[in-house]
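User: I would like to learn how to read a few features of a protein model, one at a time. Could we go through them with the structure in view?

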Amino acid sequence: MYCKTDLNSSSIMQFHILTIFPEMFQGFLNESILKKAQGNGHINITLHNIRDFSKDKHKKVDDTPYGGGAGMVFTPQPLFDCIEAVKQEAPEAPVIYLSPKGRRLTQTRAERLNTNFDQFILICGHYEGIDQRVIDALVAFELSIGDYVLSGGELAAMVFIDVMSRLVPGVLGNVESHTEESFSKKLNRKKEYPHYTKPAEFRGMKVPEVLLGGNHAEIEKWRRKHLK
Ligand code: SAH
């Protein structure tokens, strides 16, 4: 298995997204932290339209399931061709199929993946899913973002990209760019203290007095006490 060698190097994380709806990613990728992360060269995202790889004269990518049943299934040809083309660009990347049947995406799993890889190929399914032969031949593992069924893999891919990008040193700004270890410990902390910002009083609701002063030991004590 390919492993990242230098954990502290300012490596770039690369995502290849295989989708039939590339436009769905526009708002998500072009705002806020992910926009900045791409601009600063911390992450790189390439969208591949599965339909472009279809050899069907109508650019069809799906068909009815063998054995009957509801819905449509992605045919193998466009996905095989698309994955094989993308693998040329990202030979070390695991091919991940976003699927409700997959392993659950957790913070721990995200950190493990971040330790082992800096390139990912993500397949976004639709309808009833994709032909099993694609999974058997080319998919490294299936990944679920939770126990519910989405209508497409795009939202799941966005969640994955968001979670993974935050682990790239520099993406969250200087404050966060500690060593890999303290970085991960910090993110693993499930508990959070309450946050307040200006104004000190809003509609009669006051910010706790201790937070307004500069006594850092007292503030730390207050925050520890209010961890939830
Ligand atoms: N019939 C399938 C569901 C397909 S949902 C089944 O029962 O397993 C359509 C697509 O949405 C899937 O191909 C997958 O890419 C995506 N998807 C749905 N729920 C998801 C989840 N919880 N996590 C990740 N991807 C999901």
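User: Is S32 buried or exposed?

Analyst: This is a predicted model, in which local features need pLDDT of at least 70 and side-chain atom pairs count only at pLDDT 80 or more, while totals for chains, interfaces and linings use all residues. Residues are numbered from 1 along each chain as its sequence is written, and side-chain values use heavy atoms, with hydrogens and water left out. Buried means under 20% relative accessible area, exposed over 50%, and partly exposed in between, with a 1.4 Å probe and protein chains only. S32 is exposed, its relative accessible area being 58%.

User: Which residues does a cis peptide bond join?

Analyst: The cis bond joins K198 and P199, with omega about 5 degrees, and P199 lies in the loop between α7 (180–188) and β8 (201–202).

User: How many residues surround the ligand, and which are the closest?

Analyst: A residue is near a molecule if one of its heavy atoms lies within 4 Å of it. Here 21 residues surround the ligand, and the closest are Y97, L98, E128, Y148 and L150. The largest share of this shell, 5 residues, comes from β5; β5 (95–104) and β7 (141–144) each supply at least two of its residues.

User: Which atoms of the ligand lie 2.6 Å or 2.9 Å from N or O atoms of the protein?

Analyst: A polar contact is a pair of N or O atoms within 3.5 Å. An oxygen atom of the ligand lies 2.6 Å from a backbone N or O atom of L98. A nitrogen atom of the ligand is 2.9 Å from an N or O atom in the side chain of E128, and a backbone N or O atom of Y148 lies 2.9 Å from a ligand nitrogen atom.

Conventions
Polar contact = N/O pair within 3.5 Å; in protein donor to acceptor, adjacent residues only side chain to side chain. Helix = DSSP H or I, 4+ residues; strand = E, 2+ residues; numbered from the N terminus.
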